[in-house]
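I opened the notebook to record what I looked up in this structure, entry by entry.

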Amino acid sequence: KPKAVLFDLDGVIVDTAKHHFQAWKQLANELGFSFTEQDNERLKGVSRMDSLNILLEIGQVTKSQSEKEELAARKNERYVQSISTMDESEILPGVISFLEELNENHIPFALGSASKNAPRILKKIGLYDQFHAIIDGNSIANAKPDPEVFLKGAEALSVNSKDCVVFEDAQSGIEAGKAAGMYVVGVGDSAILKGANDYIQSMEEMSLNRLSK
Ligand code: G6P
Ligand code: MG
């Protein structure tokens, strides 16, 4: 049984990928190239600036640092606009009941996300007060696959890394969880996500009973 649980946000708690995709696509189109959902896969779990660099590489466009900052801010404004109407109906299936099970068993849980919008999103979906700690893009120096975000989560919950379970839908996040010495559950397809300890398609398949085995 885990002593603590660390959750990624985007793609685990809530499906924000479509909002990110629309905002990146619009930016790419303005820069004169197309951007597909397949391209968008490469941005999952990746920080905002690293995502922009990948996008510019796809479009074979070079920009100065100050131009990049303007482009990243423009993308974020649209993303924030796009998620402004988000509510608890967008929480992914199985999340609420699993959080309830953790609460009933007094197992603390924290957020470990690359997103600087994580607190805003958690407030919108009504889960902000549920998390015992929130480690997000504002509180880390090194992006996933660096383990920093999860190590800080374990520290905030005063639990050893090896007693933590991580839920992740991105390759970079699975690598971060493993590098932190944690038990990692991949949310998604094991053919795409490599190196996790267990795989589920959705949080609906998760329970403490499954983790105890
Ligand atoms: C998560 C998402 C990424 C996103 C990143 C930064 O990891 O999976 O797609 O780029 O957060 O999000 P932000 O809200 O700070 O731009
Ligand atoms: Mg994710």
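**Ligand shell**

I sorted the residues of the shell around ligand 1 and found 4 nonpolar, 8 polar and 4 charged, where Ala, Val, Leu, Ile, Met, Phe, Trp, Tyr, Cys and Pro count as nonpolar, Asp, Glu, Lys and Arg as charged, and the others, Gly among them, as polar. The shell holds 16 residues, and the closest are Arg 48, Ala 114, Ser 115, Lys 116 and Asn 117; a residue is near the ligand if its C-beta atom, placed from the backbone, lies within 6 Å of it.

**Ground rules**

I noted that this is a predicted model, in which local features need pLDDT of at least 70 and side-chain atom pairs count only at pLDDT 80 or more, while totals for chains, interfaces and linings use all residues. Residues are numbered from 1 along each chain as its sequence is written, and chains are lettered from A and ligands numbered from 1 in the order in which they are written.

**Annotated sites**

I looked up the UniProt record, an unreviewed entry, which places the feature "active site" at Asp 8 and Asp 10; its positions are given in the numbering used here, feature names are shortened, and annotations may be inferred rather than shown by experiment. The record also places the feature "binding site" at Asp 8, Asp 10, Glu 168 and Asp 169. These four span 162 residues in sequence, yet no two of their C-alpha atoms are more than 8.9 Å apart, so they gather at one spot.

Is Asp 8 buried or exposed? I count Asp 8 as buried because it has 29 C-beta neighbours inside 10 Å, the cut-offs being 20 or more other C-beta atoms within 10 Å for buried, 12 or fewer for exposed, and partly exposed in between, with C-beta atoms placed from the backbone. Asp 8 lies in the loop between β1 (4-7) and α1 (17-30); helices (H or I, at least four residues) and strands (E, at least two) are DSSP runs, numbered from the N terminus. Leaving aside neighbours within four places in sequence, Asp 8 is in contact with residues including Gly 112, Phe 167, Glu 168 and Asp 169, contact meaning that the two C-beta atoms, placed from the backbone, lie within 7 Å.

Asp 10 is found in the loop between β1 and α1, and is buried, with 22 other C-beta atoms within 10 Å. With neighbours within four places in sequence again left aside, I listed its contacts as Thr 16, Ala 17, Ser 113 and Ser 115.

**Fold and cores**

I counted 9 helices and 6 strands in the protein. The radius of gyration, taken over C-alpha atoms, is 17 Å, close to the 17 Å that the globule rule gives for 213 residues, so the protein is as compact as a globular protein of that length; the rule is 2.2 Å times the number of residues to the power 0.38. Buried residues make up 38% of the 213 residues.

Which members of the largest nonpolar core touch the most other members? Of its 41 residues, they are Phe 7, Phe 150 and Val 166, a nonpolar core being a set of buried Ala, Val, Leu, Ile, Met, Phe, Trp, Tyr and Cys residues joined through C-beta atoms within 7 Å. I saw that α7 gives the most to this core, with 5 residues. Apart from it lies another core, of 9 residues, among them Ala 23, Val 46, Leu 52 and Tyr 79.

**Backbone checks**

Most residues other than glycine have a negative phi, and most peptide bonds are trans. Against that background I noted a cis peptide bond that joins Lys 144 and Pro 145, with omega about 15°; Pro 145 lies in the loop between β3 (133-135) and α7 (148-156).

Gln 60, which is not a glycine, has a positive phi of about 50°; it lies in the loop between α3 (48-58) and α4 (65-82) and is exposed, with 7 other C-beta atoms within 10 Å. Ser 158 has a positive phi near 55°, sits in the loop between α7 and β4 (164-168), and counts as exposed, with 11 C-beta neighbours inside 10 Å.
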